[in-house]
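Work through the exercises below with the sequence and the model in view. Each task is followed by a solution in steps.

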Amino acid sequence: MSWLDAEELLKDKQDYSFLVRDSNHPHYFLAITFKSQGTIHHTRIEHNNSQFGFFDSQTKSRCTSNDVVEFIDNIIEHSKSGQFMFFIRSQTPGKVRQFL
């Protein structure tokens with residue numbers, strides 16, 4: 001499923017709705033598309049050293065798992081507690097926005 005198809009599916013859904021999809025990128029297995037504050041966001045789920053997570057070049061996320069379902073459950077719990085840990089691509093190429 002493309003990111004455009006994912007946006008179409010989520011456009012009429014409530015905030016905190018999400019779906020996990022193939023990332024359509026050779027270096028990433030999965031992507032998550034989610035709705036927050038009325039806006040739809042996309043980010044890739046990385047797989048590194050047998051762990052699924054959101055990573056950057058300097059630090060590893062505190063929210064990782066070797067099981068993708070467990071990883072999704074963990075990020076939902078972090079979101080409920082107000083600890084947003086998403087690294088999402090902005091609409092401007094080359095720019096990244098971080099939600100903590």
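**Exercise 1.** In which sense do strand 3 and strand 4 pair, and over how many bridges?

Solution. The model is predicted, so local features need pLDDT of at least 70 and side-chain atom pairs count only at pLDDT 80 or more, while totals for chains, interfaces and linings use all residues. Residues are numbered from 1 along each chain as its sequence is written, and side-chain values use heavy atoms, without hydrogens and water. Strands are DSSP runs of E with at least two residues, helices runs of H or I with at least four, numbered from the N terminus. Two strands pair if DSSP finds at least two bridges between them. Strand 3 (residues 39-48) and strand 4 pair in the antiparallel sense over three bridges. In this pairing, Asn 48 stands opposite Gln 51 of strand 4.

**Exercise 2.** Describe how strand 1 is joined to strand 2.

Solution. A hairpin links strand 1 to strand 2 through two residues. Strand 1 (residues 18-25) pairs with strand 2 (residues 28-36) in the antiparallel sense over six bridges. Val 20 stands opposite Ile 32 of strand 2.

**Exercise 3.** Give the strand order and find the edges.

Solution. The four strands form an open, antiparallel sheet in the order 1-2-3-4. Strand 1 and strand 4 (51-53) are at the edges with a single partner strand each, so one side of each has no neighbour in the sheet.

**Exercise 4.** Locate the salt bridge.

Solution. A salt bridge needs a side-chain nitrogen of Lys or Arg within 4 Å of a carboxyl oxygen of Asp or Glu. By this rule there is one salt bridge. Lys 11 and Glu 8 form a salt bridge at 2.9 Å, N to O.
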